[in-house]
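Reader: I would like to learn how to read a few features of a model. Could we start with strands and take the rest as it comes?

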Amino acid sequence: MDEKTPDGAAPRPDAAQQNGSPEGTPGFDRRKFVTGAVAAAGAIAAAGALGGGQAAAATPATAPRAGRTRRFAAGRRVAVFGGGMGGLTVAHELVERGFQVTVYERKAWGGKCRSMPVPNSGSGGRQDLPAEHGFRFFPGFYQNLPETMSRIPLPGGGNAAGNLVDGKEVAAFYNGTKFTLPAAGSIEGTLSPESLLAFLNTAINVIGTVPAWEVGYFLQKMIAFVTSGPKRRLKQWENLSFAEFVNSAKMSKGYRELLVDMFTGTLVAAKPDKANAHTMGLMAEAWVYSTLGLGGYKAPDRLLNAPTNEALIDPWMNHLRSLGVIFQGDAALTGLSVADRRITGAQVSGAGGNGAIEADHYVLAVPVERAVPLLNDNVLAADPSLRSLRELTTDWMNGLMIYLRQPINLARGHVAYAGQPWALTSISQAQFWKKKFGTTYGKGDVNECLSIDISAWDVPGILYGKPARECTTEQIFKEVVAQLRKAIPWGPVVLNDANIHSYFLDPAITGNGTPQVANDEPLLINRPRSWNYRPESITALPNLFLASDYVRADINLATMEAANEAGRKAANAILDAAGVGGSRATLKKLYLPNEFKGFYEEDDRRFDRGEANFFDLWDPVKPS
């Protein structure tokens, strides 16, 4: 019998063992598909449409009531270094199962996930204006993190998952024109490559900006990806950038800016020349299935109904404290001691802890740029494979908040500004927040936070001809405003000076406008071949575990979901190392349709024969 995932989806392609072929898939006809693909693009050009079961959560072994001292079994002391998404997740999973957990954090709880106050910006009983490292985005295909949120109680009832709200559209502005990504819909009849192509043909509407044949080319590359088996995904698409995969350099300016840049920027705020095709294909695939309501996915675009700390981080930490987790802030991990191929202690510095830390199990939940310096010669001698972390790279993606006196009507969800050099994306927060902005935050004269992510810090802008890295804070603000105005219809009128109250740049960026400019919180990027350098949560040191977004994860992108998945993996590994029975942290996988199982298996065979994907019809790519 074929194995099924809990939600009835097909097993992952790497689990498929049965023989089969696309030709054998019910209802599929290759000639019909090829003819239909070409005809569809031609018809669209003529019409002007394109040319113009989560398992139950484990019951805490000794869940304490308020005021009760909790007892922990011997051999269950866990030191977690890093209080971001990965560290909080592993702490949550382990404390529920009777472990004594202490979390050490050098800077700020929540890490890159957190929100932060703008200092001295509130008065009259109002809170300071809220700001972020980068805005929060919870696509409908996130599954592990929302399950964690469902186990975080809120004061007065409910849980943190109830703070997720749906965006109604995902939009892009391009030189004064507004476009929307695929809206929710359904496919009539059986899901097939042909029906999926038909859906995308009608959903991606670029109205005369991109030639029809280029749109057809882009879409057939998407169909080639979704029908690819695990071998091609990991050994071919992983080795190409997304820009190479869709031949961006050979196409028109509109194709590059509106299809390729908009697609990657809106989905993950990534740059197509740096992100690999495997990662971007997974995200595009998951987005489409979420849009179609498949796989048990939720609405494609979701976000929080309050600043992140208020909606998630603060209630999470309060809950973990009530279960017995100890939090030590201002405590930076500076070293790991090794003897007999085991961690024998850790050194921390700062007001929250100076000296040696001893535990039974150690979890490294810091980002990759901080993990690498901690991997000393003794650690690497015990696990040489960890040297590969040095091959992983980071890039800058940080937030700029523009506070407005009155909201402006951009979109009822996330927005990308296609064609603008700094790869800007944004969300208008006030429309989604449960508390009225002007009476809750600031001094009563701000009613909107336009939260913007800047993803390309090394590309010259349109005002000063300098990349963001070289600009002062004020120049960054003025440059972003200029790019927004160029992209938005009637931009100077919609985003006028009189409506702009103030701005705030993520303080992780320091030394703006000087040669000493630095970013204290960069983001891991999935460059080609990066999967090969990423580790699992388990290391060769039996009491050292990894719980950060660089750990291999099914989501395969440095996100909150990936860090949450890594935290769950680390918790399960510690349960195994400690010999603890009982339930394990669940790990949900991305949905893959049963209907495509035969395509995955046949594509593996074609890959082994050195052939291109069956649906890679135009300019096919063969295994190298």
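Author: Strands of a sheet pair through backbone hydrogen bonds, either parallel or antiparallel. Here β17 and β18 pair in the antiparallel sense over five bridges; two strands count as paired if DSSP finds at least two bridges between them. Helices (H or I, at least four residues) and strands (E, at least two) are DSSP runs, numbered from the N terminus. This is a predicted model, in which local features need pLDDT of at least 70 and side-chain atom pairs count only at pLDDT 80 or more, while totals for chains, interfaces and linings use all residues. Residues are numbered from 1 along each chain as its sequence is written, and side-chain values use heavy atoms, with hydrogens and water left out.

Reader: Which residue of β18 is the bridge partner of Ser426?

Author: Ile452 is the partner of Ser426. Ile452 also stands opposite Leu400. Strand β15 (residues 398-404) pairs with β18 (residues 448-454) in the antiparallel sense over seven bridges, and Leu404 stands opposite Glu448.

Reader: In what order do the seven strands of the open sheet lie?

Author: The order is β7-β6-β16-β17-β18-β15-β19, with mixed pairing. At the edges stand β7 (177-180) and β19 (500-505), each with a single partner strand, so one side of each has no neighbour in the sheet. From one strand to the next the twist averages 25°; axes are lines fitted to C-alpha atoms, for helices over the stretch in contact, and angles run from 0 to 180 degrees between N-to-C directions.

Reader: Which helix lies across these strands?

Author: Helix α14 (residues 473-487) does, and it runs at about 120° to β19. Contact here means heavy atoms within 4.5 Å.

Reader: How many of the residues of β18 are buried?

Author: Buried means under 20% relative accessible area, exposed over 50%, and partly exposed in between (1.4 Å probe, protein chains only). In β18, seven of its seven residues are buried. Glu448, Leu450, Ile452 and Ile454 lie on one side, and Cys449, Ser451 and Asp453 on the other. Helix α2 (residues 85-95) is also mostly covered, with 11 of its 11 residues buried.

Reader: Is Glu470 buried or partly exposed?

Author: Glu470 has 47% relative accessibility and therefore counts as partly exposed. Glu470 lies in the loop between β18 and α14, and touches Gln475 and Gly513, not counting residues up to four places away in sequence. By contrast, Glu285 in helix α9 (residues 277-291) counts as buried because its relative accessibility is 5%. Leaving out residues up to four places away in sequence, Glu285 touches Phe225, Val226, Arg233 and Leu592.

Reader: How much space lies in the largest cavity?

Author: A cavity is a set of points, on a 1 Å grid over the protein atoms alone, where a 1.4 Å probe fits but cannot get out; lining residues have an atom within 4 Å of a point. Grid points are joined across faces, edges and corners, and a volume is the space filled by probe spheres set on the points. The largest cavity holds about 130 Å³. Of the 14 residues that line this cavity, the closest to its centre are Leu200, Met222, Val226, Ala284 and Val288.

Reader: Which helix supplies the largest share of the lining of the largest cavity?

Author: That helix is α5, with five residues. Helices α4 (193-203), α5 (212-226) and α9 each supply at least two. The lining divides into 12 nonpolar residues, one polar and one charged. Ala, Val, Leu, Ile, Met, Phe, Trp, Tyr, Cys and Pro count as nonpolar, Asp, Glu, Lys and Arg as charged, and the others, Gly among them, as polar.

Methods:
On a 1 Å grid over the protein atoms alone, a cavity is a set of points where a 1.4 Å probe fits but cannot get out, and a pocket is an open set with protein on both sides within 12 Å along at least five of seven lines; lining residues have an atom within 4 Å of a point.
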